[in-house]
Amino acid sequence: MRNPLSNRIVNIPFSGIRKFFDIAAEMTDVISLGVGEPDFDTPWHVRDEGIYSLEKGRTAYTSNAGLKELKMEIAKYLERKFQVFYNYDTEMMITVGGSEAIDIAMRAMLDPGDEVLIPQPSYVSYEPCAVLANGIPVIINLKEENEFRLTAQELEEAITPKTKLLVLPFPNNPTGAIMEKKDLEAIAEIVKKYDIFVLSDEIYAELTYLEGQEHVTIASLPGMRERTILINGFSKAYAMTGWRLGYACAPKIILEQMLKIHQYAIMCAPTTSQYAAVEAVRNGDKDVIEMREEYNRRRRYMMHRYQEMGLQCFEPFGAFYTFPSIQKFNMTSDEFATKMLQEEKVVVVPGTAFGTCGEGFLRISYAYSLESLKEALDRMERFIQKLDFK
């Protein structure tokens, strides 16, 4: 029988995150710190708007690019929060989560042989999406001593004549690292010097905790708006993961081609989700602040506990993850995570799920209640004490 499968797809590995959830599913009394999902419910006023849209029979397709009302609200939000303006009619589209936006941006921009620079550790989808778009992923290994930020020197050293696109994944999943304005300004100069483009994944933009500083988008810097595909969404900031709603903003020439792929593959994002999102972006600032303050409280608790148990971890100022080092235990990340799951029933994700340079680290989420975090870290401390004793 003829092989029915594409070799390109077969050679893409499954996500390294799933293994531990599959094991945990067969166990009892497990505490998971592995999921990158808010533990908050979607705010009631947002859910109410979704329910109301159903009651009113708003169940038809929207336009391919999304509800005009929603795009107008997003344009106001971006200008108000991040000082960047996009034409909602020609430079913005609503997608099925930020993940679809990443996929179609790469497919719209890459030709076979084009290189995509991907800083790692980072979200698991970037590298496969580059491969699916016929691009060549080029990995930039980020360093703990730089707080897992991308430096201008690292970027410049990775650029070749075939480089077309840089993925800029900050605030970062899995490390919690952020890029400040001065970092982005240095990156922008290199981007302009070598005439490349930036895919800026800013899904965690609202979840930054560095006192006195808010998130800065590279699209707001001089000469960068025309080089940037800005990706964001509602999953993390508004606790709307299951609503599957994101958006992309880009120059018209790029967005038109992204929309073409979206038309044929998706049609439009979920209608009910779009009506709910109008309410979220219009009246959800208070919800975002409350959730961010709670995350920050948990973040500080995690760092305190790590210090108490002698676990090295740089301080993360974004998203809702920590990335502690377990190198001193002379175990691989996979071995550590597997053994701790078996002995203490705590799920964490090996750093290698996010790139080979994540070896020696764990991704531990604090998108859980303080009560759950305390119990999980008590178990983790007990596990570490046994390793130290050995």
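Me: Which element gives the most residues to the lining of the largest pocket?

Reply: Helix H6 does, with four residues. Bear in mind that this is a predicted model. At least two lining residues come from each of H2, helix H5 (97-109), strand S3 (115-120) and helix H6 (126-132).

Me: How many residues of that lining are nonpolar, polar and charged?

Reply: The lining of the largest pocket divides into 24 nonpolar, 17 polar and nine charged residues.

Me: Which residues are closest to the centre of the second largest pocket?

Reply: That pocket has about 260 Å³ of space. Of its 16 lining residues, Thr208, Tyr209, Gln213, Glu214 and Arg292 are the closest to the centre. Helix H4 (68-82) and H11 each give two or more residues to this lining, and H11 gives the most, with four. By class, the lining has five nonpolar, five polar and six charged residues.

Me: Turning to packing, which residues touch the most other members of the largest nonpolar core?

Reply: In soluble globular proteins, nonpolar side chains tend to be buried together. In this model the largest nonpolar core has 48 residues, and Phe336 and Met380 touch the most other members. Two or more residues of this core come from each of helix H2 (18-24), helix H11 (285-309), helix H12 (333-344), strand S10 (346-347), strand S12 (362-365) and helix H13 (370-389). Leaving aside residues up to four places away in sequence, Met380 touches Met309, Leu311, Phe336, Met340, Leu362 and Ile364. Another core, of 31 residues, lies apart from this one and includes Leu67, Ile74, Met240 and Leu245.

Me: How many aromatic pairs are there?

Reply: There are 15. To read a pair, take the distance between ring centres and the angle between planes; over 60 degrees counts as edge-to-face and under 30 as stacked. Tyr123 and Tyr126 are edge-to-face, at 5.5 Å centre to centre with 80 degrees between the planes. Tyr123 is partly exposed because its relative accessibility is 25%, whereas Tyr126 is buried at 2%.

Me: Where in the chain do Phe323 and Phe361 lie?

Reply: Phe323 is in the loop between strand S9 (321-322) and H12, and Phe361 is in the loop between strand S11 (349-350) and S12. The two are 38 residues apart, so the pair links distant parts of the chain. Their rings are stacked, 5.1 Å centre to centre, with 5 degrees between the planes. Both count as buried: Phe323 has 0% relative accessibility and Phe361 has 5%.

Me: Which residues form one aromatic cluster?

Reply: Phe40, Tyr204, Tyr295, Phe320 and Tyr321 do.

How values were computed:
Residues are numbered from 1 along each chain as its sequence is written. This is a predicted model: local features need pLDDT of at least 70, side-chain atom pairs count only at pLDDT 80 or more; totals for chains, interfaces and linings use all residues. Side-chain values use heavy atoms; hydrogens and water are left out. A nonpolar core is a set of buried Ala, Val, Leu, Ile, Met, Phe, Trp, Tyr and Cys residues joined through side-chain atoms within 4.5 Å. Buried means under 20% relative accessible area, exposed over 50%, partly exposed in between (1.4 Å probe, protein chains only). Contact means heavy atoms within 4.5 Å. Ala, Val, Leu, Ile, Met, Phe, Trp, Tyr, Cys and Pro count as nonpolar, Asp, Glu, Lys and Arg as charged, and the others, Gly among them, as polar. On a 1 Å grid over the protein atoms alone, a cavity is a set of points where a 1.4 Å probe fits but cannot get out, and a pocket is an open set with protein on both sides within 12 Å along at least five of seven lines; lining residues have an atom within 4 Å of a point. Grid points are joined across faces, edges and corners, and a volume is the space filled by probe spheres set on the points. Rings of Phe, Tyr and Trp (its six-membered ring) pair if their centres lie within 6.5 Å; planes under 30 degrees apart count as stacked, over 60 as edge-to-face and the rest as tilted.
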